[in-house]
Amino acid sequence: QVQLVESGGGLVQPGGSLRLSCLASRSIPSLDAMGWYRQAPGKQRELVAVITSGGNINYADSVKGRFTISISRDNPKNTVYLQMNSLKPEDTAVYYCNARYTFLVMRDFWGQGTQVTVSS
């Protein structure tokens, strides 16, 4: 079992920045991968970024061209971050932290989500 607690969401003006944090109940190297997903109203949940236990990082095509979004981790703190700069209204969504963990079977675990609203 993996518990995930997100924080850092909120209301920000276009062009502003936010850093989301996800605290995991297990050590990050023990997890296959951790990532951030988002779900906008009326849309399906989509991947934003993922970082594997080996440190490989992948970004969704929708954000890949934007060098203002980055995922990182702090292993001693069991925390993964999503830094978002130059935010746009279309970034408005509930952001979910995800952890993939394999013990006999592979399972996905989710946090409760944190709301990010980009609006003037």
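Reading from the N terminus, the elements of the protein chain run β-β-β-β-β-β-α-β-β-β-β-β. That gives one helix and eleven strands, where helices (H or I, at least four residues) and strands (E, at least two) are DSSP runs numbered from the N terminus. Keep in mind that this is a predicted model, in which local features need pLDDT of at least 70 and side-chain atom pairs count only at pLDDT 80 or more, while totals for chains, interfaces and linings use all residues. Residues are numbered from 1 along each chain as its sequence is written, and side-chain values use heavy atoms, with hydrogens and water left out.

Now for the overall build. The C-alpha trace of the protein chain spans about 45 × 25 × 25 Å along its principal axes. The radius of gyration of the protein chain is 14 Å, which agrees with the value near 14 Å for a compact globule of 120 residues; the radius is taken over C-alpha atoms, and the globule rule is 2.2 Å times the number of residues to the power 0.38. If you look at contacts (heavy atoms within 4.5 Å) between residues at least 6 apart in sequence, 54% join residues at least 24 apart.

Next, the cysteines. A disulfide, counted here as a pair of cysteine sulfur atoms within 2.5 Å, joins Cys 22 to Cys 97, with 2.0 Å from S to S. This pair links distant parts of the chain: Cys 22 sits in strand 3 (residues 18-24) and Cys 97 in strand 9 (residues 93-103), 75 residues apart. The torsion about their S-S bond is about -85°, so the disulfide is left-handed. Cys 22 counts as buried, at 0% relative accessibility, and Cys 97 is buried too, also at 0%.

Leu 104 is in the loop between strand 9 and strand 10 (105-110), and Leu 104 is exposed, with a relative accessible area of 79%.

Finally, have a look at Val 12, which lies in strand 2 (residues 10-12). Val 12 counts as buried, at 11% relative accessibility. Leaving aside residues up to four places away in sequence, Val 12 touches Ser 17, Leu 18, Leu 87, Thr 117, Val 118 and Ser 119. Thr 68 is 56 residues from Val 12 in sequence, and their C-alpha atoms are 15 Å apart in space.

Note on methods: Buried < 20%, exposed > 50% of the residue type's maximum accessible area, 1.4 Å probe, protein only.
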